[in-house]
Each structure stands twice: as structure tokens, then as C-alpha cells.
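User: Walk me through this model, please. I want to learn how to read its features one by one.

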Amino acid sequence: MKLLIVDDEELTRTGVISSIDWKSLDIDEVLQADDGINGLEAARIHKPEIILCDVRMPRMDGITMLEKLEQFLPDTVPIFMSGYSDKEYLKAAIKLKAVNYIEKPLNPAEIREAVQEASEVYRQKLRTHRGETLHSMETASRLALALATPYRFSEKVISELSQELSLYMESDTCFTALIAKIDTEQDFSVPAIDDIYQNICDYLSNFHLQCIYAEKKAQYLVYFIFGSSMPQEATLDLIRDYISCQYQAYHKFYITAGGSFTGVSKAYQSYESAVILQQSSFFFPSGSFLSSSLLKDRDLRSHPPLPEFPEKEFQDLLALKNQDGCNAFLGQIYDFYNQNTQVLSNHAKDLYYKLFRCLDEIYRQLQISLPSDRENAVDTLENSFSFQDLHSKLLDRITDFFRELQDSVQENQTIFLIKEYISKNYGNESLSVKDISSHVFLSASYVCTFFKNETGKTLNQYLTEYRMEKAKQLLADPRFRIADISSKVGYNDGNYFGKSFKKYTGFSPSEYRERISCKQL
């Protein structure tokens, strides 16, 4: 904290400063002023939490100074000191909520006690304000969620909450809804959502506009911007640019703006139009800000048609090992979906799921083992923030496939069947050599010898390595707890899993996860 001493006697000021160990009272800086006018200016600049102030001073007395200071630093805690036993001054000091009144000559012990009491009063004020702020933000969030509900269902709630917040939403109040979608898998360097909201509120005040927001499903932030008149298009452009800049640190985000509507009963219509735009945002580059006016021209844009049976055509091209044909086919698919506002994201995800499955199937047909760290198709869809992300992952898979096709010698069919069986059952803690040998209709002893001769690894060694690679893949995803990962890769004993993982990687599971997180930062 900072403490300001205001007294016209220099000897008093220096004596107080030198006689007390301020650090022990959590006072990091002690400031001085020689009268009320200079004290007021020092308070404006340095914003002290506590003021130790003489009552009678030339030019401006302490009471007058603190009356003026209360207008811009209402939480600052005053302590008065005076050599005069003046009842009127005492009454004024009590009115200004001074925590103490110290008579001169000053006693350092009394000053220490008064400053300690003032520190606690100030902290209590902060706690009270923090609680009021949290309550206000919670109420505003509930109001934003109510506005995102059809008015006939939320009219009463909106009325009650807006009155509680002293937000006067009249029939001529204009509303514009914005929805920000963010990638929840972000590093720790991104700004807090509440800080972004406060920055937005401060910026909107320049246009005499207000804002409330709420989180929906962790990934969506719903903002309602409102004011007494319809913002001009130029104003909305400035606001859109500012909000986009606030989210730049997130790297992966979309923001959509609904239309502007007048009247609280129409706020939901603005939200609804922003939701519709969010459904199209998947097909645009990450970081896009979409509004109805920006998309009008795009709606008329023609897109090449999809092949009639796209997954069959793709599978045939893979079977023919036609890399140029595959790339041309995927280019056609990309041109159809890219920035297409006439289709839903699920339409694209369903097709791409089938294309990923076609690729996995051709691996099996050609008896090429899938990499142990290969992400499955469902996870790939879930982890793709945009259509461009999803398409790039499929292109990468195609590149990997043709490279592996060129480099690999066709694997023995029995070895391929063993590896495929392990890839499907590695999470079963009871998976045994006997299970594997039964699957390929060979004796357990022969399977072990045969596998070692063909691959250079024992069957148990290959199984352990496969499980460890899967564990590494899961540890890179913070959504999974280490205890859950252990069981997912076939270990019912977490301690044994930890020892096996450390033997394989040189790190414990938690150490490995920490290293991965640091690399991502």
C-alpha cells in the first residue's frame, strides 16, 4: 500500500517517517505534502490507500481536502492528527469516516495501531467491492442468457434483472448481439475473458453504448451491445475491429454479429441471426468476423458441385494408388465447402469422417500398419476448429499414405493381422499372447517366435511400445487425467503404468505432460 502524510510542519513529517518500520505494516511507499492543496494533487497522481493528515493547515485544511478527495478516491482511508481538541473538527472527521484521530505530540505506537486499523478497513472495502462486482457480473450474465431466449419465455426475468442492475431497457433501446467462439485448448498467455469484457465495455462507453455478456458451453461468449439509438454502420465497423483485436491472442476464434434490432423484445432476433452465422463460420478462415452485411455477396457465389458418390470415388483413387487424382478430388471437395454459407458444418464433417475411414480401410487392404500415434477419425473431427484445419489434416494423411506406400515393403499378412488386432484391443488390460495367437490361428509359442523373427521385437515389447505411444498421445491432451489414461492404454495399476512409462520415455507421466505443455507455450 501507499501512505500519504499531509502536514505543514516538515519536522512532523520527517519524524513520523523515520520513527516507524513501514514495511512491517505492508506500506511500500510513503509520500509527503505540505498543505491540503498539494496533498490533493499528490493523491490524484499516486492514489494512496491511506492518508495521515493534519487538520489545520494553510491554504486548505485537512477536512476540506478530504471532502474533495472523496469524490475521486472514495475508498482511501483517512487518519487525522491535530494538536487542537476541537469538537467541530472531530465531528467533521467522523463524518468523513476517519478511522482514527491522533493528538499531537504524536506517539509512534498510536500511529502504528491507527495505520494497521486503516489497512484492515481498506482491505474490507476491497472485499466488499469485489463481492458486489462478482454479484453484478453474475446478474448481468443471467440477463444476457435471458436475452438469448425467446422473449415470450423470458420477459419477466429480463424485467427483474435489468431493474436490479439499473439498466433501463426501453422500447426504443437498440440491441446488437455478438457471439465469439474460441478454441478452448489455448495456452496460458491469452487474456482472461473478463479482462476482454472490461476492455470492450470501456471502449463502448465512447459511443454511449453498454454491454453485457454470458458464457455458453465454455466455447461461446455471447455479447449484447445496447444503447438508446441504432449505431451507424461506421460505428459498428469500429466496434467489430476493436473486438476482433481483443481476441487476436486466441489465434483460433470466430466472431459473428447479428443484425441490430430496436426494442428489448427483439434482442433475441439479433442473437438468433448471430447463431445462424456461427453455423457458417466453420467454413471460413479462423479469426474471421462475420456479419450479415459481409455475407450478402458470398451467398450468391457459385460453388462447384460435389461428386455424386464422393467416398466411393475417393476409395477407388486410393486403390489405384493415384496420388494426383486424390489431390485433384480433394481440391474439388475443398472448393465446394470453402466459405460456403449454404451448407452446415455437420454435412462436411460427415463426409470427411467417411473419407478418413476410406483411408484407414485402404491401409488394411494393402496390409500397411497404421502408425501407433495416429489420431482416430472422431478425435480428428472434434479437434478441428475450422474446415481448413480439417482439410489440412486429410491432406497430410494422404501425403503420409503415399510416402509410406512408396517406402514400405508389404508386410507379412500374419504380422499385419497381429498388429491390427493389437491396435483394436490394446486398451484391454487382460490382452494376452494367447488372445493374439487365437486370433491368427497359431500356437502361442510359434506366434512369439514368428513375430520376433519378422519384426525384430518380442510381442510383449511391441505391445508395450504401442501402449506407451498411445499414452504419449493422450498425455498431450489436457482433457484426460493421468489416472484415466492409465486404464485407457490397458493398465489397471496406475503405479505400474507410471514405472513403465518412465522406463520407456525417461519421464514420469506428469513430467512428460509438463514438458509437452512448455513446448506448446
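Predicted model: local features only at pLDDT ≥ 70, side-chain atom pairs only at ≥ 80, totals over all residues.

User: How many helices and strands does the protein chain have?

Analyst: Helices (H or I, at least four residues) and strands (E, at least two) are DSSP runs, numbered from the N terminus. The protein chain has 22 helices and 10 strands. Its radius of gyration is 34 Å, well over the 24 Å that the globule rule gives for 521 residues, so the chain is more spread out than a compact globule. That radius is taken over C-alpha atoms, and the rule is 2.2 Å times the number of residues to the power 0.38. The C-alpha trace spans about 105 × 60 × 40 Å along its principal axes.

User: What percentage of the residues of the protein chain count as buried?

Analyst: Buried means under 20% relative accessible area, exposed over 50%, partly exposed in between (1.4 Å probe, protein chains only). Of the 521 residues, 44% count as buried.

User: Which share of contacts joins residues at least 24 apart?

Analyst: A contact means heavy atoms within 4.5 Å. Take the contacts between residues at least 6 apart in sequence: 70% of them join residues at least 24 apart.

User: Now a strand. Is β6 buried or exposed?

Analyst: Begin with the general idea. In a regular strand the side chains alternate between the two faces of the sheet. Now the case here. Cys174, Thr176, Leu178, Ala180 and Ile182 point one way from β6. Phe175, Ala177, Ile179 and Lys181 point the other way. Nine of the nine residues of β6 (residues 174–182) are buried, so the strand is largely enclosed by the rest of the structure.

User: Which strands does β6 pair with?

Analyst: Two strands pair if DSSP finds at least two bridges between them. β6 pairs with β8 (residues 220–227) in the antiparallel sense, over eight bridges. In β8, Leu221 is the bridge partner of Ala180. Eight bridges also join β6 to β9 (residues 253–262), again antiparallel. There, Thr256 is the bridge partner of Ile179.

User: Which residues does Thr139 touch?

Analyst: Thr139 lies in helix α5 (residues 108–147). At 1% relative accessibility, Thr139 counts as buried. Leaving out residues up to four places away in sequence, Thr139 touches Leu161, Glu164 and Leu165.

User: What is phi of Lys47, and what of Arg59?

Analyst: Most residues other than glycine have a negative phi, and most peptide bonds are trans. Lys47 has a positive phi, near 50 degrees. Lys47 sits in the loop between α2 (36–46) and β3 (50–54). Its relative accessible area is 48%, so Lys47 is partly exposed. Phi of Arg59 is also positive, near 70 degrees. Arg59 is in the loop between β3 and α3 (62–69). With a relative accessible area of 59%, Arg59 is exposed.

User: Where is Lys499?

Analyst: Lys499 is in helix α21 (residues 494–505). At 64% relative accessibility, Lys499 counts as exposed. Lys499 and Pro509 are 10 residues apart in sequence and 9.1 Å apart in space, C-alpha to C-alpha.

Key. Residues numbered from 1 in each chain as written. Heavy atoms only, no water.
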